[in-house]
Amino acid sequence: MSAANNSQQPIRFAYWVPNVSGGLVISNIPQRTGWDIGYNRKLAQIAERAGFDYALTQIRFTAGYGADNQHESVSFSQALLDSTEKLKVIAALLPGPWNPTLAAKQIATISHLSDARIAVNIVSGWFRGEFKAIGEPWLDHEERYLRSEEFIRCLRGIWTEPSFTFAGDFYRYRDYSLKPKPLDPLPEIFQGGSSRAARDMAARVSDWYFTNGNSVEGIRRQVDDLQTKARANRHRVKVGVNGFVIARDTEQEAQAVLQEIIDHANPEAVQGFGHEVKNAGAASPEGEGNWAKSSFEDLVQYNDGFKTNLIGTPQQIAERIIALKDAGVDLMLLAFLHFQEEVEFFGREVIPLVRELERRRAAA
Ligand SMILES: Cc1cc2nc3c(=O)[nH]c(=O)nc-3n(C[C@H](O)[C@H](O)[C@H](O)COP(=O)(O)O)c2cc1C
C-alpha cells in the first residue's frame, strides 16, 4: 500500500535557504541568487507571501565543491525568523559539532523568540573532508545513524520530560531538567538521507523524512518501505522530497535552462563531490545512500533535484507534484536558479494550479 493517507492535506512547500555561496547547483552559470543575510531576509518574506510553509537552512563547516562561503545554520535561521511572521524555519544540526544539550537549549530559546516557528533537520554527514578539517572523528555509516538516532531521542526527551535520564553509547544524562521547555507545538524533527539506515531511523524517531530527488516510482518505493516500517513501530512520519524547479512558459525553454546549467558545470567540482558522496553512501552495508545511482548530470544539483523533473510549464510541474503526493509525499523541498524571482513566480503560477488539482481530486 502506498502511504497516501495524506491525500486530504494540502501538500506543503519548503525552499532551500541559500546560506552558502554558489546557489544550489555546482555550475558557473550566472545566478542572481545571493547568500548574504540581506538577500535571504527578502527571500524569506517573498516565500511566505508566495505560500511556502518552511525554509530549510544548510549546515556546512568548510568549503568544497562550489560552496566557498557558508553561514551557520542556527543563527541564520534565527535571523530569518526575526524577519518573517508565519514561515517556519528548519535549522540543520550536525551531531558531533552539536551535542543534544546545546541543541535542546538553543532551539528551546529560539522557540520562545519565534512563537514556535523553529524546527530542526538532523543531518548525519557525508563530507569526510569536512570532518577531518574540524577534527571530528569520521564514524562509519551505521554508527553515524546510531549517533543521530540517540541525538534525536535525547533532544525529544530533554524537551518533553521533566527530568531526563539516558544511558546510550554516545550520550548520557542523569535527571537533567531543561527550563524553559520549547513552546507548543514542539519543534518538528526532520532528518535527511536515503539509505536503509536513514529510513530505519526515520521509521523509529523522526517526524519527517527528507530524501533526495528521484522519479515518482523511486520515491514510491522508498515511501512504501518507510511507512511499512513506521507502522510496525507504531510511529508516524511524514515525507519531504527535494526537487529543482525550472518553470518556464514552454517546456523547451525550461529544458534549455537545464542544459545551460549542465553545460556550465564545473567538472572537477562535480566529480569531486560525486566521489565524496558515493564513498559516504558506499559505506552503508547495502551500498545505497542518497547518491548511489547519480550520473554526472544529476550531481550538478547537490541533492539530485533534476531527477524529480520539476522542469517544464507550470501545469506540467503541478501535475508532477500531485503524482508525488499520490506516492505518499507530504512536502516538496525546492531549489531554484534565481531564488527571489523564481520563488515569487512559483507562488503565483504553480501553487494555485496544485491547489486546484487538489480541490478537483477532493471533489471527485
Ligand atoms: C534534504 C536534505 C538536506 C540535507 N542537509 C544537509 C546539510 O545541511 N548539511 C549536511 O552536512 N548534510 C545534509 N544532508 C545530508 C544527509 O544528512 C546525509 O548525511 C546524506 O544524505 C547521506 O545519507 P544517506 O547515506 O543515508 O543517504 C541533507 C540531506 C537531505 C536529503
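**Reading strands, helices and loops**

Q: Which residues form the covered face of strand E5, and which the uncovered one?

A: In a regular strand the side chains alternate between the two faces of the sheet. Strand E5 (residues 164–167) places Phe164 and Phe166 on its covered face, while Thr165 and Ala167 lie on the uncovered one. Helices (H or I, at least four residues) and strands (E, at least two) are DSSP runs, numbered from the N terminus. The model is predicted: local features need pLDDT of at least 70 and side-chain atom pairs count only at pLDDT 80 or more, whereas totals for chains, interfaces and linings use all residues. Residues are numbered from 1 along each chain as its sequence is written, and side-chain values use heavy atoms, with hydrogens and water left out.

Q: How many bridges join E5 to strand E6?

A: Two strands pair if DSSP finds at least two bridges between them. Here E5 and E6 (residues 172–176) run antiparallel and are joined by three bridges. A hairpin of four residues leads from E5 to E6, and phenylalanine 164 stands opposite tyrosine 176 in E6.

Q: At what angle do the axes of helix H1 and helix H12 cross?

A: Axes are lines fitted to C-alpha atoms, for helices over the stretch in contact, and angles run from 0 to 180 degrees between N-to-C directions. The axes of H1 (residues 37–50) and H12 (residues 339–363) cross at roughly 0° and come within 9 Å. H1 and H12 are therefore roughly parallel to each other; angles under 35 degrees count as such, over 145 as roughly antiparallel, 65 to 115 as roughly perpendicular and the rest as oblique.

Q: Which residues in H1 and H12 meet?

A: An α-helix has 3.6 residues a turn, so residues three or four places apart point the same way. From H1, Tyr39, Lys42, Leu43, Ile46, Ala47 and Ala50 meet Phe339, Gln340, Val343, Glu344, Gly347 and Ile351 in H12, where contact means heavy atoms within 4.5 Å. By class, this contact of H1 with H12 has eight nonpolar, two polar and two charged residues. Ala, Val, Leu, Ile, Met, Phe, Trp, Tyr, Cys and Pro count as nonpolar, Asp, Glu, Lys and Arg as charged, and the others, Gly among them, as polar.

Q: How do helix H2 and helix H3 pack?

A: H2 (residues 73–82) and H3 (residues 100–113) pack at an angle of about 10°, their axes 11 Å apart. That makes H2 roughly parallel to H3. Val74, Gln78 and Leu81 in H2 meet Gln106, Ile107, Ile110 and Leu113 in H3. The contact of H2 with H3 has five nonpolar, two polar and no charged residues.

Q: How many residues of helix H6 are buried?

A: Buried means under 20% relative accessible area, exposed over 50%, and partly exposed in between (1.4 Å probe, protein chains only). H6 (residues 196–204) is mostly covered, with seven of its nine residues buried; Arg199, Asp200 and Met201 are among them. The buried residues of H6 pack against helix H5 (141–160), strand E7 (189–192), strand E8 (208–211) and helix H7 (216–232).

Q: Where is the place of serine 124, and what does its side chain join?

A: Serine 124 sits in the loop between strand E4 (118–122) and helix H4 (128–133), and at 6% relative accessibility it counts as buried. A polar contact of 2.7 Å joins its side chain to that of serine 148. A polar contact is a pair of N or O atoms within 3.5 Å; within protein, one must be able to donate a hydrogen and the other to accept it, and residues adjacent in sequence count only if both atoms are side-chain atoms. Leaving aside neighbours within four places in sequence, serine 124 is in contact with Leu94, Arg144, Tyr145 and Ser148.

Q: Is aspartate 304, with its positive phi, buried or exposed?

A: Aspartate 304 has a phi of about 55° although it is not a glycine, and at 0% relative accessibility it counts as buried. Arginine 234, with phi near 50°, is exposed, at a relative accessible area of 80%.
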